[in-house]
Amino acid sequence: MRSWPFVGRDEELGMIRSCLSQGEAVGVVVSGEAGIGKTRLLREVVALLGPEGFHTEWVAATNALASIPFGAVAGLLPAGWRCENEREGLSVLTAAAARMHACGKGRRVVIGVDDANLLDPGSAALIGQLAAQRLAFVVATCRSGESCETITVLWKDGQAPWLDLPDLPETAVDQLVDHALDGDLEGASRVRLRGLAAGNPLALRELMSTALTDRTLRLHHGVWRFTGDYRPKGAIRQLLANRLDPLAAGPRLVAELLACGEPLPHALLAQLVDPAVIDEAETHGLAVCEREGHRVQVRLGHPLYGEVVRAGIPVGRARQLWWRLAQALLATPLRRRDDLLRAAVWQVNGGAVVRPDVVRHGTRQAIDRADLALAERLARAARDAEPSVHADALLAEVLEYRGRSAEAAAVLPEDPPSDDEELLRWALARAETTYWGYGDAVAAERALDLLRGRPGEDLAEGIRSWILLYDGRCAAVLDVAESLLNGGRAGTQALIWALAAATAAAGFLGLAKEAAGYHDRGQALARANTAELPWGVVELDIARCLAFLVMGEVRAAWTVADDGYHRVLSGRSPLMAVGHVGFRGLVECAAGRPVSAGRSLREAISGLDGRDTLRLTRTFTAGLATAAALTGDAEGARSWLDHAEQTAAEVNRLFSPWTALANAWTLAAENRLTDASMAALYAADLARSIGLPTVEALACYDVLRLGGAADCARLERLDAVLGTPFSRALVTAARGHRRGDAHALSVAADSFTRLGQCLLAAEAATGAAGVHRKAGLRGQVTTARERAAELRAQCEGAVTPLLEREQISRLLTRREREVALLAARHSSRVIAERLGVSVATVNNTLARVYAKLGISRRAHLAALVEATPVTPAGSDTR
């Protein structure tokens with residue numbers, strides 16, 4: 001753990017400086033709980049004021065020095081001065097005053113007093129006297145709740161303001177976390193760290209140190225994430241144990257019950273312990289009572305108390321405590337939002353499942369919170385307690401959501417049951433397992449067909465819409481959605497599923513108005529039923545982001561994904577954020593921000609580990625390959641692409657053209673531009689065969705970007721079908737590149753910019769500059785290059801063949817270009833013979849070329865010049 005920077009206390013530092021500069025206050029008292037950063041703030045004050053001309057002194061009070069009269073302030077006395085008699089306090093005060101007076105000639109004296117509440121009476125009196133006589137400005141710290149009367153009584157009339165140091169703000173906690181870790185931190189793990197530390201920097205430092213040591217916090221795909229339960233150790237455990245150990249039996253029981261089940265309704269807790277004991281625990285700061293609506297909830301005073309208390313409870317006693325909680329809750333009507341999940345968990349932890357139905361309901365709520373590990377544990381317990389086809393289907397569903405299709409299939413009975421309710425659960429689980437586990441859409445739909453005319457048919461059609469979407473049959477998705485909408489009997493869950501699928505499908509078909517309509521109808525339903533269907537808003541927003549992305553509206557897509565990511569992280573189920581951050585990464589990649597895309601996509605892949613329900617790891621990994629390729633990291637791109645090809649290749653035909661495009665950009669990074677353009681053409685043909693015109697249009701344009709011939713006619717046909725701003729911009733840009741039309745390229749750059757397509761805009765603007773340069777229009781060249789530079793500055797160093805063309809044309813002289821073009825395919829000796837110069841001259845010329853282009857070998861040069869049109873001899877006299 002590296003030394004941490006001083007962050008998050010600018011306001012407090014400014015307040016102390018203000019008191020010092022105004023001259024009215026004689027000091028400031030900084031109060032706060034242990035570890036909140038009082039000493040660090042005090043040290044920062046003293047360290048900053050010294051170089052500014054103040055004379056500074058430091059006094060550190062301790063329990064040991066408190067037994068020695070004037071022991072803490074010995075450093076304030078003149079060198080060599082001794083007090084011969086403990087009763088000669090007055091002479092000590094005089095000597096200290098004389099020294100401060102001497103030190104303060106021409107400058108102010110500032111004394112930092114750490115842990116002032118531990119000062120012995122004499123030291124406290126001396127500090128107070130120096131302040132009262134204005135011989136020194138005193139900044140003192142003391143712990144909250146500790147008596148500090150020996151100092152405060154000397155500072156009367158408000159001359160020493162009292163500053164209660166608040167919790168460190170979340171932004172500062174994030175800065176400290178990012179400083180401590182080499183790499184990015186998963187969003188859900190960041191939320192967990194914030195919650196555990198509760199704004200206390202000492203707690204944050206110790207828990208991170210412990211988590212790193214025991215590998216509870218570990219690096220996965222370049223992203224740090226929590227992978228297990230945290231257990232406090234070392235200094236933080238001792239700090240908290242010192243506050244918990246002296247507790248009497250009653251408050252300790254309160255702490256144990258809260259550690260097992262916080263937050264607890266006060267009424268429920270009062271059934272298990274005397275209410276007076278709850279009040280006692282609150283008085284000691286062990287518990288906190290908070291009103292939530294009509295309920296009073298009781299929590300532990302600090303999140304880490306629960307970790308310490310749980311670690312100290314023997315296993316047998318912990319089971320007894322959980323069972324007592326379960327009994328008390330099961331005796332209630334279970335009407336509150338989390339009652340079923342709590343009752344389920346407490347029964348399982350207590351070792352006695354007496355209500356399997358409650359545990360099944362709790363499993364469903366755990367799924368809704370994206371906590372699939374908990375959902376699996378509850379589903380297995382419910383199945384053990386009450387075996388049934390329903391229980392089998394529930395466990396199979398959870399296992400499938402966790403990506404363990406073989407286990408899920410083994411759990412489900414082979415033959416469909418006859419009971420309608422059991423058939424519903426069996427058919428839904430069978431369809432999901434068959435499609436996302438094995439990519440067999442036909443078998444999945446056959447299972448759903450069993451529910452036609454039966455209860456739950458609407459749910460079957462809702463799931464069918466998702467299978468059709470991910471299988472790439474977007475037109476069929478819209479048919480299913482319209483059928484459910486017009487039928488008038490579909491339930492809310494089925495409608496939300498179908499409307500989310502239809503939102504994305506309409507986007508892939510370029511139907512912007514329809515996509516917006518489906519999304520708005522779905523969101524109205526989802527927001528009205530958030531408590532029962534918490535995934536609804538998330539699913540619809542991700543679908544909306546995907547629709548914007550495929551229609552080329554990346555600015556709008558990024559806003560939806562980023563807003564959704566932060567909203568989910570700040571809510572009750574931060575694990576839901578993985579989809580948002582993954583699609584945000586794809587949007588960032590499309591926009592030409594490969595570094596940001598890499599961060600987002602790595603977080604998504606890490607977060608999907610063990611819960612890749614829709615098998616999106618392959619898509620996000622292919623996105624990482626594209627992002628790496630755009631940064632010029634050919635090795636990284638190939639590694640990510642190989643990983644993508646090994647992951648769930650049988651499913652999600654919808655995204656297969658994107659994987660093909662990732663291969664094209666990886667080939668480009670490897671300087672294989674001919675192969676790259678052919679791969680992009682394959683992606684376009686694949687998109688056409690599936691029926692994805694938006695993806696086909698983008699792939700056709702990528703053929704041009706990768707050095708292939710621009711098929712303007714094909715793009716025009718696609719634009720006639722789509723008619724979106726993006727498809728029109730692609731056609732305009734393709735014409736501009738093909739015809740050398742600077743005006744068309746500038747118009748395309750404008751269109752791309754409005755859509756947030758900064759990389760495509762930069763390429764078009766760069767192309768316009770090249771056309772102007774060839775025409776000898778120096779004024780237009782300068783303007784176009786400036787605009788291109790502004791756009792490239794937003795692209796995080798992205799490298800593409802279209803950006804490099806202008807670089808070669810602009811930087812190299814005619815002879816250097818000539819040598820460069822030949823060097824891409826011939827040796828220096830052959831070039832020398834052709835040009836009638838020496839081999840040394842050729843090599844020297846190549847050295848200048850490499851230096852100007854920032855490359856180091858001929859393979860790089862070959863990749864550049866293959867995409868560079870040859871300029872006729874004599875057209876440039878430089």
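Reader: When I look at Arg-544, over the face of which residue does it lie, and how do I read such an arrangement?

Author: A charge is said to sit over a ring if NZ of Lys or CZ of Arg is within 6 Å of the ring centre and within 35 degrees of the ring normal. Here Arg-544 lies over the face of Phe-548, at 3.9 Å from the ring centre, and the charged end of Arg-584 sits over the ring of Tyr-565, 4.6 Å from its centre. Please keep in mind that this is a predicted model, in which local features need pLDDT of at least 70 and side-chain atom pairs count only at pLDDT 80 or more, while totals for chains, interfaces and linings use all residues. Residues are numbered from 1 along each chain as its sequence is written, and side-chain values use heavy atoms, with hydrogens and water left out.

Reader: How many aromatic pairs does a search of the whole structure find?

Author: Rings of Phe, Tyr and Trp (its six-membered ring) pair if their centres lie within 6.5 Å, and planes under 30 degrees apart count as stacked, over 60 as edge-to-face and the rest as tilted. By that rule the whole structure holds 10 aromatic pairs. Phe-726 and Phe-752 make an edge-to-face pair, with 6.2 Å from centre to centre and 65 degrees between the planes. Because Phe-726 lies in helix α36 (residues 725-739) and Phe-752 in helix α37 (residues 742-755), this pair ties together parts that are 26 residues apart in sequence. Helices (H or I, at least four residues) and strands (E, at least two) are DSSP runs, numbered from the N terminus. There is also one aromatic cluster, whose members include Tyr-435, Trp-436, Phe-508 and Trp-658.

Reader: Which residues touch the most other members of the largest nonpolar core?

Author: A nonpolar core is a set of buried Ala, Val, Leu, Ile, Met, Phe, Trp, Tyr and Cys residues joined through side-chain atoms within 4.5 Å. The largest one has 242 residues, and those touching the most other members are Met-208, Phe-508 and Phe-752. Helix α24 (residues 492-508) supplies the largest share of this core, namely 13 residues. A second, separate core of 29 residues has Ala-61, Val-92, Leu-126 and Ala-131 among its members.

Reader: Which strands pair with β4, and in what sense?

Author: Strands of a sheet pair through backbone hydrogen bonds, either parallel or antiparallel. Two strands count as paired if DSSP finds at least two bridges between them. Strand β1 (residues 27-32) runs parallel to β4 and is joined to it by 6 bridges, with Gly-32 standing opposite Arg-143. Strand β3 (residues 109-114) is also paired with β4 in the parallel sense, over 4 bridges, and here Gly-112 stands opposite Val-139. Strand β4 itself (residues 137-143) is mostly covered, since 6 of its 7 residues are buried.

Reader: What do β3, helix α4 and β4 make together?

Author: A crossover is right-handed if, with the strands pointing away from the viewer, the path from the first strand over the helix to the second runs clockwise. β3, helix α4 (residues 121-132) and β4 make a right-handed β-α-β unit. Arg-134 lies in the loop between α4 and β4, has a positive phi of about 55 degrees although it is not a glycine, and is partly exposed, with a relative accessible area of 44%.

Reader: Where is the antiparallel sense found, for example between β10 and β11?

Author: Strand β10 (residues 287-292) pairs with β11 in the antiparallel sense over 6 bridges. The two form a hairpin with 2 residues between them, and Gly-293 in the turn has a positive phi of about 65 degrees. Strand β9 (residues 264-265) is joined to β11 (residues 295-300) by 2 bridges and runs antiparallel to it. Gln-297 in β11 stands opposite Pro-265 and is also the bridge partner of Glu-290.

Definitions and conventions
Buried means under 20% relative accessible area, exposed over 50%, partly exposed in between (1.4 Å probe, protein chains only).
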